[in-house]
Amino acid sequence: MHWVWQLEPKCQNCSGYRSKGAIIMEMNYYQEEAMTTRLPTAGLEYAWFGLAGEVGELYSLMAKLYRDGKGERTDEEIVEDVKKELGDILWFIAAISKDYKFTLEEVAQKNVDKLAKRKEKGTITGSGDNR
């Protein structure tokens, strides 16, 4: 299953992009809003362990799908479950980024730049960070 998002130019009265008629939230806005739900006791250690836990939940969801099949669940229900887990993962990535004093947009740009450089050098495949 592949999802293709067609982005249109920024809309006139918002800060996001349109996709399939919906507004796409900007990453820094998401980070700011998401962090308003962070409890004072949810420090950096909590964010790191929470990220690992949420990735584990996504793996568990996929493992059960491989083991049991989808059963009575529709593709849409499965996609919604994946979306929820990815949202939880994104929350923890936003928290860790905030604790290290950078934005989600900086993280995303750094990744896009790295991948573009690898594509240019013909090193998309392979392993290791410094290809």
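Start by selecting threonine 37, which sits in the loop between helix 1 (27-35) and helix 2 (44-68). Keep in mind that you're looking at a predicted model. Is threonine 37 buried or exposed? Its relative accessibility is 54%, and the cut-off for exposed is over 50%, so threonine 37 counts as exposed.

Draw a distance between the side chains and you'll find a polar contact of 3.0 Å linking threonine 37 to tryptophan 91.

Next, bring up helix 1 together with helix 4 (residues 104-121). Their axes come within 7 Å and cross at roughly 140 degrees, which makes helix 1 oblique to helix 4. Which residues make the contact? On the helix 1 side, pick Met27, Asn28, Tyr30 and Gln31; on the helix 4 side, pick Leu104, Glu105 and Ala108. Colour that set by residue type and you get 4 nonpolar, 2 polar and 1 charged.

Last stop: go to lysine 101, in the loop between helix 3 (75-99) and helix 4. Check the backbone here. Most residues other than glycine have a negative phi. Lysine 101 isn't a glycine, but its phi is positive, at about 65 degrees.

Terms used. Residues numbered from 1 in each chain as written. Predicted model: local features only at pLDDT ≥ 70, side-chain atom pairs only at ≥ 80, totals over all residues. Heavy atoms only, no water. Helix = DSSP H or I, 4+ residues; strand = E, 2+ residues; numbered from the N terminus. Buried < 20%, exposed > 50% of the residue type's maximum accessible area, 1.4 Å probe, protein only. Polar contact = N/O pair within 3.5 Å; in protein donor to acceptor, adjacent residues only side chain to side chain. Axes fitted to C-alpha atoms, helices over the stretch in contact; angles between N-to-C directions. Parallel < 35°, antiparallel > 145°, perpendicular 65-115°, else oblique. Contact = heavy atoms within 4.5 Å. Nonpolar A, V, L, I, M, F, W, Y, C, P; charged D, E, K, R; others polar.
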